[in-house]
There are 2 protein chains.
Amino acid sequence: MTIATALIRLETLFGDRFSATEAVRGHHGQNESYFPVTLPDAVVFPRNAQEVSAAVQICAAEGCPVVAWGVGTSLEGHALAFQGGVSMDMSGMDKVVAINAEDLDAVVQPGVTREALNTELRATGLFFPIDPGANATLGGMAATRASGTTAVRYGTMRDNVLALEAVLADGRIIRVGSRARKSSSGYDLKNLIVGSEGTLAIITELTLRLQGVPESITSARCPFESVEGAVAAVIETIQMGIPVARIEFLDPGAIAAFNAYAKMDMPVQPHLFLEFHGSEAGTKEQAEMFGAIAAEHGAGEFQWAATLEERNRLWAARHNGYYAMKAIAPHKRILTTDVCVPISRLAEALLTTMKDMEDSPIEGAVVGHVGDGNFHSTLLVDPDKPEELAEAKRLAHRMNELALQLGGTVTGEHGVGRGKLEYMEAEHGAAWDVMGEIKRALDPHGILNPGKVVRGN
Amino acid sequence: MTIATALIRLETLFGDRFSATEAVRGHHGQNESYFPVTLPDAVVFPRNAQEVSAAVQICAAEGCPVVAWGVGTSLEGHALAFQGGVSMDMSGMDKVVAINAEDLDAVVQPGVTREALNTELRATGLFFPIDPGANATLGGMAATRASGTTAVRYGTMRDNVLALEAVLADGRIIRVGSRARKSSSGYDLKNLIVGSEGTLAIITELTLRLQGVPESITSARCPFESVEGAVAAVIETIQMGIPVARIEFLDPGAIAAFNAYAKMDMPVQPHLFLEFHGSEAGTKEQAEMFGAIAAEHGAGEFQWAATLEERNRLWAARHNGYYAMKAIAPHKRILTTDVCVPISRLAEALLTTMKDMEDSPIEGAVVGHVGDGNFHSTLLVDPDKPEELAEAKRLAHRMNELALQLGGTVTGEHGVGRGKLEYMEAEHGAAWDVMGEIKRALDPHGILNPGKVVRGN
């Protein structure tokens, strides 16, 4: 019972869809964050749930870790095989199985990316709204309970995965949830698996909720005199129930990085970027209501984007923020924080964080899905200077502690992975033990993505 | 280690908040549905989580079943102590702990009813939208993942419970979820407990999402020439994304029952009842869009209700539907079905059900939260005629089988309890076993609400 035996058996099963070459292992040992390269022992490329099940059964029998891999855009080391074993690359399971336009849902394999799904949906008048920025796989997004800029209107993956098929640690294939819009039929295993980061099951199919493309979509950005003003405008917008589709904060550092990256000339001030979805009259009304609020809180001139092209240009500034930050110092890695607090505490959390960053030698910026109370600091770290990582972690630690004090969470949307593990006890107390009890009940040998989410896993 | 010993210890602990009188046991042995009266051995009335924990620890040590009780409005026998033991009456834990108006949330004890919460919220401009009809406790609503008429717009208890405190089978008190609007921090234990019907934990506190009272609320009812027309109008409304706050179907039987009960004179035809929430302009636009759809599908004259009093009268017809049906034959009990199907299959499910009921001697009516694909048949059963219960169960069985064939669920909002247990294997397959494995991991002695939800519990 060894990893070596598992690899031999997996090679027999997968043939040329098994690889232990340095190049393939290297690709699956990368991450977009600050974790060092960590190679799995081998990579397999399953084509269907039966193959996933067969592979997991081998790994269970041989005590070999199995770590699911999408496209590697996660930020907390989720997809790294820290204990060795097999990286299971789901990117080949990339079929859109069904589009049920009349029910506003679609069935997809986990390797479909969100952009690929939206391309496929183009002719239907429907779209999948969840937008974490990166073109992640939908399986990976479900596994980390991803969300992003549109969660303020459309919710997170929790709300938008209606059902799924998954392989458990003993190889059983289960289906949970249903295409019915609601159900009180037993324990909510669908939401137990969404966000479990591959530690309870490997997702092999997803049924996703779709939305009709709104009749009217308008976007805008506007600078504010102060961070306080921008945050006050956000809070008032949410409290008044204006159904904004996106409401994003960018600090002056993020604006400066993007001006450089995309050759734009936005004023280097705190900004809000917004999007309104609805009928023609509805978006006009929303925009007017928001405009009135913003004016009271020191907003400057609005830049409107009505055409698809203008909107894409506007949102590229937000979505490429991560890469714009990287461009400041291409050899550096990024440590990203991900706190989420009750909206009444947002100003306190944001201002404290920006002050901490000002007082630190670490370069960085702050961007946020502030309508949900969620924001990120992107902290640039030289991988050759351990003191920079230490300082960035010190800053992140202060933010995480503050978020917990304010009744929030250390991760609004990125997940726990390896990076947030140390905060789980402080955030959840005895409930973290319960997560471990569930893990041990469903994966007694701890083969599914070990070293993540739960204690002693 | 016996129930008798547990009772002695509980009486010592609870003093005069322990009762084994016939009257108190009888009250906690009742149900609003067709299950026979089933007395618990005793009833305790805890005042806080610590007392719940102490009681559960005694019951765990003595192997005594514990069944939580709210106000007894559940419909599948959830709160009945089928294996004896203690009924834990949560109605004394009825404090609204905090209203965080700026965060649009409230913290409540589980014995607060939804109407009591909304009364408390009256001065804040906020409301709690979930409305199952009955004035249930919020703890009971969370435990059964309740929803009702407004779920089409505001979601179910799954979406509206942000966090909760609960006592596990070994007496541990845990807190799950947070006041942050989203989180990717570990397994979703909050949603594992919501809908677990008291079989995994007893809820001792809830943090609930609130909504701003809309600027404008308008309601309407309108008759349709045919069931097909009414359903087609619903499907088109949902597919077009009109954000209706309620969209309810009542069949001619339900209309007739209500005409008799409330001395109204609605035309005895299929009806839709609707409500629109939004700005003045928004509700007007929604109503116009719906009006155009309805006109294409054989709608008759709309009756509008704009004032609060008119709206209350209109919705009383829907919400008292259960009691109106009972009034037809006061000595009869009601068996209520609760299927929910993908909306594209709604017409098939509804028409097949109505045909089955027409062909049966059992009296009944059909009402539904059709915007979600969820509807109920209320079947009148004489408790002294076992053949009536058998025939009602035969009808219900056909509906449940059909719902599963159509990709739906046997329970959209009432829960499993005892009544839907026999369908769990057919609906969930191997996933039902997984529910049992979680149950055994968290409640190894099976003391929490035994005989419900999972196999062999």
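**Reading a two-chain model**

User: Where is A:Arg145 found?

Analyst: A:Arg145 sits in the loop between α5 (138-143) and α6 (151-154) of chain A. Keep in mind that this is a predicted model.

User: Why is A:Arg145 called buried?

Analyst: The cut-off is 20 or more other C-beta atoms within 10 Å. A:Arg145 has 28 other C-beta atoms within 10 Å, so it counts as buried.

User: What is the phi of A:Arg145?

Analyst: The phi of A:Arg145 is near 55°. That is a positive value, in a residue other than glycine.

User: How do you know that A:Glu197 counts as buried?

Analyst: Apply the cut-off of 20 or more. A:Glu197 has 28 C-beta neighbours inside 10 Å, and therefore it counts as buried. A:Glu197 lies in the loop between α8 and β10 (201-209) of chain A. Its phi is near 60°, again a positive value in a residue other than glycine.

User: What makes B:Leu272 buried, and which strand is B:Leu272 found in?

Analyst: B:Leu272 belongs to strand β14 (residues 271-278) of chain B. It has 28 other C-beta atoms within 10 Å. The cut-off is 20 or more, so B:Leu272 is buried. Leaving aside neighbours within four places in sequence, its contacts include B:Cys222, B:Phe224, B:Ile247 and B:Phe249.

User: How do you know what separates B:Leu272 and B:Gly177?

Analyst: Take their C-alpha atoms: they are separated by 37 Å. Along the chain, B:Leu272 and B:Gly177 are 95 residues apart.

User: Which residues have the most contacts inside the largest nonpolar core?

Analyst: They are A:Met88 and B:Met88. That core has 291 residues. Not counting residues up to four places away in sequence, B:Met88 touches B:Val44, B:Val66, B:Trp69 and B:Ile202, among others.

User: What makes β5(B) and β6(B) a pair of strands?

Analyst: Pairing needs at least two bridges. Here 4 bridges join β5 (residues 96-100) of chain B to β6 (residues 105-108) of chain B, so the two strands pair. They run antiparallel.

User: Which domains does the assignment of chain A give?

Analyst: The domain assignment gives domain 1 (3-91), domain 2 (96-212), domain 3 (214-416) and domain 4 (420-457). The centres of domain 2 and domain 4 of chain A, taken over C-alpha atoms, are separated by 23 Å. Domain 2 of chain A gives 7 residues to the contact between these two, and domain 4 of chain A gives 10 residues.

User: How many residues of chain A are in contact with chain B?

Analyst: The number is 72 residues of chain A, in contact with 72 residues of chain B. Elements that each supply at least two residues of that side of chain A include β9 (173-177), α11 (280-296) and α17 (430-442). The largest share comes from α17(A), with 9 residues. By class, the side of chain A that touches chain B has 27 nonpolar, 29 polar and 16 charged residues.

User: Why are the two copies related as by a two-fold rotation axis?

Analyst: A rotation of 180° superposes chain A on chain B. The shift along the axis is 0.0 Å, and the RMSD is 0.0 Å. Therefore the two copies are related as by a two-fold rotation axis. The same surface serves both copies, and 100% of the contact residues of chain A recur in chain B.

Methods. Residues are numbered from 1 along each chain as its sequence is written. Chains are lettered from A and ligands numbered from 1 in the order in which they are written. This is a predicted model: local features need pLDDT of at least 70, side-chain atom pairs count only at pLDDT 80 or more; totals for chains, interfaces and linings use all residues. Ala, Val, Leu, Ile, Met, Phe, Trp, Tyr, Cys and Pro count as nonpolar, Asp, Glu, Lys and Arg as charged, and the others, Gly among them, as polar. Domain bounds come from an automatic or database domain assignment. A nonpolar core is a set of buried Ala, Val, Leu, Ile, Met, Phe, Trp, Tyr and Cys residues joined through C-beta atoms within 7 Å. A residue is buried if 20 or more other C-beta atoms lie within 10 Å of its own, exposed if 12 or fewer, and partly exposed in between; C-beta atoms are placed from the backbone. Copies are superposed by least squares on the C-alpha atoms of residues with pLDDT of at least 70 in both.
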